Amino acid sequence: MPPSRSSQQKVSIIGAGPAGLMAAETLAFKGYGVTVYDRMASVGRKFLLAGRGGLNLTHSEPLPAFIARYGASAAWMTHLLESLTPSDLQLWAQGLGQELFIGSSGRIFPKVMKASPLLRAWLARLAALGVTFELGARWLGWNEAGDLMFDRTDGSGLTDRPDATILSLGGASWAKLGSDGAWVQTLADKGVLIETLTASNCGVLVTWSAHVADRFAGIPLKAVALECGGQSTRGDVVITKTGLEGGAIYALSPAIREALVTGEAHVMMDLRPDLEVSTLAKRLVKAKAGQSLSSALKGQARLSPAAIGLMREACDNKLPTTAMGLARLIKGVKMPVSGLAPLDRAISSAGGIARSSLTDDLMLRALLGVFAAGEMLNWDAPTGGYLLQACLASGKHAAKGADTYLHTKT
C-alpha cells in the first residue's frame, strides 16, 4: 500500500498511454491523489496495438549500446533511464505477473506475447493505489483562472485545478488511437518551443514504374542491407505500390528524414550482403552460354524475381552485360526516395517539446508545475524495445520531478 500524505496533494495526468500510466503508478504509490484523463473511451489503445505482434518491452543488449540507439538523444536518454533502466523495467513487468523471455534478436517479450494481460494487471494495481480515471475527456488547455479544461464526449465540460500536472499526450502517429498532436498549438501559445512532429519508424515513398508497382507490390526482400547518409542496417523489407516498408527501412528513417531536408535522398540496397563483389562475379561467370541474364541472376546469384526487378528499375531496364557489372549492381541498387510515408501511418513520431523548454526534471520552463513525458518529447528511437522503454522511463522521471516540485512547494 502507498504511504499516506497528510496533505493529499493532487496530480492530474493527461494521457493514459504507457508514460502516463507509469507516472500515475509512481505518484499514487507515494500517496498523491492521482486522476488520469484521456479523450479515448479506454486506456492504452496504442499500447495494445503494439502488443498485437508480441509486446516488445525492451532489449537485452548492454546499456552503453542500448543508449546509443537513441542517436542524437542519447545524452538525454541516459539521464531519463536513471529513473527506469531496462533491468528495472523487466522487474516491474515480472512484478505484474508477466514471465519474460529474450528472443533471438535480443528483444525482450512477455511469454504470452500479448499486451492485454499486462495492462489488466497494471490497471488492477492502479485501482488498488486509488488512481481514478476520467475517460472520454478531451483536454482543451487552461482557462483564465489557470484551471485545466476538458470537453466530455457527452458535450459537458469539466475543469480541474491540481497541485501538479503531467502531460503524456503522445506524438502524432495513429491519431485514431488518441495521439493526434493537437496539443502542439496549446503549448506553443504558452511559449513552449516545439520541434515539428514528423514521421519516424515508417516506410518511404519511391516512384516505381508501373511494372514494379503492379507486379511486385507486397513481395518481401529477405536479409538485405540498406544504407543512407552513412547509416546502415540489415533485415527484411517489403515492396509496396508507393515505396518500401519493413523493419530494415524503419531503422533508417532518421537518416532518410535528414537527407530529405538537406536535399535528395537515396537508399542503397545490397541484395546479397553475405557475398563479396568478387565472389558474385565469379559465380555469374559460370552462367551457361545462351542463358538469359534473369536466369543467370536467379541461378548463380540466388536472386528473386522481385530483386531482379529492382535491379532493372535502378538502371532503366538496361542491365550490365558483364559479370562484374552485374555483381556491382547487386551490391548497390540505388533507389531515389521522394519522401516518408504519411505521419499517421508511422509507428512513432520524432520532434515535439524541445529539451531547452524543459528542466532536468521534465517540467516545462514556461509553465510552473506542468511536466511532460513520452512521445511529446523531442527524442527519436528505433523499434526493438527502445520506444516503449523511453516512454515508460520518461513517465517515471516526470513523476519523480513532480514529487520533488510538490515537496518544495510545501
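Trainee: In which hand does α1 pass α15, left-handed or right-handed?

Mentor: This is a predicted model. Helix α1 covers residues 18–29 and helix α15 covers residues 386–409. Their axes come within 7 Å and cross at roughly 40°. The crossing of α1 past α15 is right-handed.

Trainee: How many nonpolar residues does the contact of α1 with α15 have?

Mentor: From α1, the contact takes in P18, A19, M22, A23, T26 and L27. Among their partners in α15 are L388, C391, L392 and A399. S394, G395, K396 and D403 in α15 also take part. By class, three residues of this contact are polar, two are charged, and the nonpolar count is 10.

Trainee: How many disulfides does a search of the whole structure find?

Mentor: A disulfide is a covalent bond between the sulfur atoms of two cysteines. The sulfur pair must lie within 2.5 Å to count. Across the whole structure, the number found is zero.

Trainee: Which cysteine has the sulfur nearest to that of C202, and how far away is it?

Mentor: C202 is in no disulfide. C202 counts as buried because its relative accessibility is 2%, and the cut-off is under 20%. The nearest cysteine sulfur is 12 Å away and belongs to C228.

Trainee: Is the pair of F66 and Y70 stacked, edge-to-face or tilted?

Mentor: A pair of aromatic rings is described by the distance of the centres and the angle of the planes. The centres of the F66 and Y70 rings are 6.0 Å apart. Stacked needs under 30 degrees and edge-to-face over 60. The F66 and Y70 planes are at 50°, so the pair is tilted.

Trainee: What class does the aromatic pair of F101 and F109 fall into?

Mentor: F101 is partly exposed, at 29% relative accessible area, whereas F109 is buried, at 12%. Their rings are 5.6 Å apart, centre to centre. The angle between the planes is 25°, and the limit for this class is under 30 degrees. The F101 and F109 pair is stacked.

Trainee: Which residues do ring pairs link into a cluster?

Mentor: The count of aromatic pairs comes to nine. Ring pairs join one phenylalanine and two tryptophans into a cluster: F47, W92 and W122.

Trainee: Is T233 buried or exposed?

Mentor: T233 sits in strand β14, residues 231–239. Beyond its neighbours within four places in sequence, T233 touches V224, A225, L226, A248, A251 and L252. Its relative accessible area is 17%, and the cut-off is under 20%. T233 is therefore buried.

Definitions and conventions. Residues are numbered from 1 along each chain as its sequence is written. This is a predicted model: local features need pLDDT of at least 70, side-chain atom pairs count only at pLDDT 80 or more; totals for chains, interfaces and linings use all residues. Side-chain values use heavy atoms; hydrogens and water are left out. Axes are lines fitted to C-alpha atoms, for helices over the stretch in contact, and angles run from 0 to 180 degrees between N-to-C directions. Helices (H or I, at least four residues) and strands (E, at least two) are DSSP runs, numbered from the N terminus. A crossing is left-handed if the near helix is turned anticlockwise from the far one by less than a right angle, and right-handed if clockwise. Contact means heavy atoms within 4.5 Å. Ala, Val, Leu, Ile, Met, Phe, Trp, Tyr, Cys and Pro count as nonpolar, Asp, Glu, Lys and Arg as charged, and the others, Gly among them, as polar. Buried means under 20% relative accessible area, exposed over 50%, partly exposed in between (1.4 Å probe, protein chains only). Rings of Phe, Tyr and Trp (its six-membered ring) pair if their centres lie within 6.5 Å; planes under 30 degrees apart count as stacked, over 60 as edge-to-face and the rest as tilted.
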